[in-house]
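Open your viewer and keep the selection panel handy.

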Amino acid sequence: MATSCTRDKVLHGHPCFGGDRHRNGRIHLAVAPRCNITCGYCDRRHDCTNESRPGVTSRLLTPPEALERVRGVMAGATCGSLIRVIGIAGPGDPLANAETFETFTLVQREFPDLLFCLSTNGLALPDRIDHLSGVNLHSLTVTINAADPEVGGRIYREVRYRGRVLRGAEGAETLIRNQFEGVRVAAQRGMVVKVNTVLIPGINEEQIPLVAQKASEAGAFVMNVMPIIPQANLAHVPRPTPEHLEQVRSANEATIAQFRGCQQCRADAVGLIGGCARSPQS
C-alpha cells in the first residue's frame with residue numbers, strides 16, 4: 001500500500017487527488033498517441049483551443065520535446081512556480097506507448113522533486129506494473145466504468161490485448177479483470193490510486209456502487225465520478241445534470257472517498273485547474 005509519506009505528498013500537492021487546485025498546477029505531456037481499446041464515448045478527431053475534454057491535444061510530443069516543454073513551463077513567469085505534477089494522460093492510453101516511460105525517465109532526471117502521475121484504462125496495467133515502479137510513479141488514475149462485462153460490452157466497442165481483438169462482453173471481461181487487478185497491484189506497490197468512472201445515464205448507473213466497492217477493496221484511495229461528454233457512438237446519451245452527478249457521488253461516499261474537483265482536462269493541459277490555461281505549444 002502507499003506509504004504515508006507518498007500519500008501525504010500526493011494529497012497535498014496533486015490537484016486531482018485533493019491538493020489545493022488554486023496553488024498546485026500540473027503539466028500534461030501528450031506523448032501517448034496509441035490506444036488499446038475503443039470506448040463508445042471517445043472521439044479524438046477534433047481539437048479546438050478553447051475546448052477542454054480528455055483525449056485531445058493540439059500537438060503530439062516526442063519524449064525529448066516533452067522534456068523541453070517542461071523546461072519551458074518551469075522557467076516561465078506565469079505558471080512555473082505553481083507546477084507540482086507531471087502527468088501523462090494521452091491522447092491515447094499511456095501504457096500502450098513506450099514513449100510514456102521514456103518521457104518519465106527524461107523528466108525525472110532533471111526534475112526529481114515533482115510528482116509523477118499517469119491516467120490509464122487499466123488494460124495493460126498488470127503487465128506494465130514493473131515498468132511503472134521503475135519510473136517512480138507516485139499516483140495513478142484508472143478509468144473503470146463497469147464491473148459487469150455485459151454492461152461493459154455496451155460501453156467498449158473493442159479491446160485489443162496480447163494480439164487479440166475482443167468485442168462485446170468478452171472484451172469487457174478481459175478489461176475489467178485487468179483493471180481491478182491493476183488497481184490492486186499498483187496500491188501494493190505504493191502508488192496512490194484514483195478510480196475515474198464516467199456516469200453514462202441509462203447504461204452504467206447501477207454499476208457505480210459495484211465499481212466503488214471493488215475499487216475500495218482493491219486499494220483505491222478515491223473515486224472520481226464524472227459526467228459523460230456525449231459524442232461518438234454514445235452521442236445520443238444525455239449528459240447528467242450537476243444534481244444527478246452529486247446524487248451519485250453522495251450515494252457512494254460511504255464506500256470510498258469522492259473527488260469533486262475534476263474539470264475533464266485535455267491531454268496537453270498546463271497550469272492550474274481552471275486557472276492559468278493551457279499555453280500554446282511551439
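Start by selecting helix α4 (residues 125-134) and helix α6 (residues 168-188), which pack at an angle of about 25° with axes 9 Å apart. Helices here are DSSP runs of H or I, at least four residues, numbered from the N terminus; axes are lines fitted to C-alpha atoms over the stretch in contact, with angles from 0 to 180 degrees between N-to-C directions. α4 and α6 are therefore roughly parallel to each other (angles under 35 degrees count as such).

This is a predicted model, where local features need pLDDT of at least 70, side-chain atom pairs count only at pLDDT 80 or more, and totals for chains, interfaces and linings use all residues. Residues are numbered from 1 along each chain as its sequence is written, and side-chain values use heavy atoms, leaving out hydrogens and water.

Now show side chains. On α4, pick Leu125, Pro126 and Ile129; they meet Asn178, Glu181, Gly182, Val183, Val185 and Ala186 of α6, contact meaning heavy atoms within 4.5 Å. That contact divides into 6 nonpolar, 2 polar and 1 charged residues.

Stay with α6 and follow its length: its 21 residues reach 31 Å from first C-alpha to last, close to the 30 Å expected at 1.5 Å a residue (1.5 Å times one less than the number of residues). Just after α6, click Gly190, which has a positive phi of about 100°.

Next, select helix α2 (residues 63-75) and helix α3 (residues 98-110): their angle is about 35° and their axes are 9 Å apart.

Notes:
Helices (H or I, at least four residues) and strands (E, at least two) are DSSP runs, numbered from the N terminus. Angles under 35 degrees count as roughly parallel, over 145 as roughly antiparallel, 65 to 115 as roughly perpendicular and the rest as oblique. Ala, Val, Leu, Ile, Met, Phe, Trp, Tyr, Cys and Pro count as nonpolar, Asp, Glu, Lys and Arg as charged, and the others, Gly among them, as polar.
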